[in-house]
Amino acid sequence: MNYIYHLAKRFFTSLARRDVSGAELTTVRSKLSAHEYELWLQFAIADRRHSVLVAARFTALRPDAPDNEIAGVLLHDIGKISSNLSTLQRVVATIVGPRTKRFALYHQHEEIGADMLRRAGSHSEVIAMVNQTCSADAADAFRAADNI
Ligand SMILES: [Fe+2]
């Protein structure tokens, strides 16, 4: 039930269409490499906002987190940019599970994201956040930050 609520909230938040602030963008830029930032800029507005929000929660839960972990959190959904689903289609894809090829692609986004970052030359700690092979403490803080 919580999960559906989270999805519904994401959907309605995405309707607001307000982009992240200039200050938030500066913070994002400071945590990412040039290649990572290029990828991050390809996020849809709703995903940019989600990225910044989850990173802020993560940092609050884990104040000593190294920049590589924060970069990984900012990029945790980056695999989504390879799938051209609209927000509503994403909500449907998440509820009904993999069906069409495009929907399946969306479900593999963690793996796709990790691959993209490998190709972009990201640090292994950044990639470990994206595919959740990081430390248990970092993974717990990330999941809590991503699921509120
Ligand atoms: Fe997320």
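What share of the 148 residues in this chain is buried? Buried residues make up 28% of them. Keep in mind, as we go, that what you're looking at is a predicted model.

Okay, so let's start with the overall layout. The chain has 10 helices and zero strands. If you read along the sequence, the pattern is simply α-α-α-α-α-α-α-α-α-α. And if you take the contacts with a separation of 6 or more, 70% of them are between residues 24 or more positions apart.

Now for the inside. The largest nonpolar core has 27 residues, and the members that touch the most other members are Phe58, Val73, Leu74, Leu75 and Leu117. Which elements give two or more residues to this core? They are helix 4 (45-61), helix 5 (67-74), helix 8 (109-119), helix 9 (124-130) and helix 10 (136-147). Have a look at Leu75 in the viewer. Leaving out residues up to four places away in sequence, Leu75 touches Glu36, Leu39, Trp40, Gly113, Leu117, Val126 and Val130.

Let's zoom in on a pair of those helices. Two packed helices are described by the angle between their axes and the distance between the axes. For helix 4 and helix 5, the axes come within 8 Å and cross at roughly 145°. On the helix 4 side, the contact is made by Ser51, Val54, Ala55, Phe58 and Thr59, while helix 5 brings Ile70, Val73 and Leu74. The crossing of helix 4 past helix 5 is right-handed.

Which residues of helix 10 are buried? Ala138, Ala141, Phe142 and Ala145 are. These residues cover an arc of only 100° around the axis, and that is why they sit on the same side of helix 10. Here's the background: an α-helix has 3.6 residues a turn, so residues three or four places apart point the same way. The buried residues of helix 10 pack against helix 4, helix 5 and helix 9. Turn to the other side of helix 10 and you'll find Ala136, Arg143 and Asn147 exposed.

Helix 8 has its own buried residues: His109, Gly113, Ala114, Met116 and Leu117. Their arc around the axis is only 160°, so they lie on the same side of helix 8. On the face turned away from that buried side, helix 8 carries the exposed residues Glu111 and Arg119. Just after helix 8 comes Gly121, with a positive phi of about 80°.

Speaking of positive phi, check out Gln132. Gln132 is not a glycine, yet its phi is positive, about 60°. Where is Gln132 found? In the loop between helix 9 and helix 10. Gln132 is partly exposed, with 14 other C-beta atoms within 10 Å.

One more stop: Ile4, in helix 1 (residues 2-15). Is Ile4 buried or exposed? With 11 other C-beta atoms within 10 Å, Ile4 is exposed, because the cut-off for exposed is 12 or fewer. Ile4 and Ile95 are 91 residues apart in sequence, and their C-alpha atoms are 8.2 Å apart in space.

Definitions and conventions
Residues numbered from 1 in each chain as written. Predicted model: local features only at pLDDT ≥ 70, side-chain atom pairs only at ≥ 80, totals over all residues. Core = buried A, V, L, I, M, F, W, Y, C linked by C-beta atoms within 7 Å. Buried ≥ 20, exposed ≤ 12 C-beta atoms within 10 Å, placed from the backbone. Helix = DSSP H or I, 4+ residues; strand = E, 2+ residues; numbered from the N terminus. Contact = placed C-beta atoms within 7 Å. Arc of directions from axis to C-beta. Axes fitted to C-alpha atoms, helices over the stretch in contact; angles between N-to-C directions. Left-handed = near helix turned anticlockwise from the far one by under 90°.
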